[in-house]
Amino acid sequence: MIDFVPISTVRPMEQMTPMDATSGKLAVNVKDASFIDVFRGLVDNVIETNEQVDRDAIDLMLGNIDDLAQVQANIEKASVAVDLLVTVKNEALSAYSTIINMQV
């Protein structure tokens, strides 16, 4: 049987953390963030994950990688980051089109 948590116990998201969560620096402060800040964070995340995949590919070709599972995990992170960015972009464009087409 599934136990459901009451909605009153769910806390709002406080902060977005960057891919390198060990740095201690937050990617976006949610309280002060605008849409452009969040979108810029998504774009930066895509760039960062794709750069990591490129570094992994070079290291793999040079024989410097022993952990193929980490390479696969980095590839999946990059794929999810791109999918999320494309989804947010599509939803933003859809909302913009809806607003533009409203009758005043």
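Colleague: What makes D67 the cap of the N-terminal end of helix 2?

Modeller: In this predicted model, a side-chain oxygen of D67 lies 3.3 Å from the backbone nitrogen of A69, and because a polar contact is a pair of N or O atoms within 3.5 Å, where within protein one must be able to donate a hydrogen and the other to accept it, and residues adjacent in sequence count only if both atoms are side-chain atoms, the pair qualifies as one. The model is predicted, so local features need pLDDT of at least 70, side-chain atom pairs count only at pLDDT 80 or more, and totals for chains, interfaces and linings use all residues. Residues are numbered from 1 along each chain as its sequence is written, and side-chain values use heavy atoms, with hydrogens and water left out.

Colleague: Why is T49 called buried?

Modeller: Buried means under 20% relative accessible area, exposed over 50% and partly exposed in between, with a 1.4 Å probe and protein chains only, and T49 has 2% relative accessibility, so T49 counts as buried. T49 lies in helix 1 (residues 35-62), and a polar atom of its side chain is 3.1 Å from the backbone oxygen of V46.

Colleague: How do you know that the span of helix 2 is close to the expected one?

Modeller: The expected span is 1.5 Å times one less than the number of residues; helix 2 (residues 68-100), with 33 residues, reaches 48 Å from its first C-alpha to its last, close to the 48 Å expected.

Colleague: Which residues of helix 2 are buried, and what do they pack against?

Modeller: V71, N74, A78, A81 and L85 are the buried residues of helix 2, and they pack against helix 1.

Key. Helices (H or I, at least four residues) and strands (E, at least two) are DSSP runs, numbered from the N terminus. Contact means heavy atoms within 4.5 Å.
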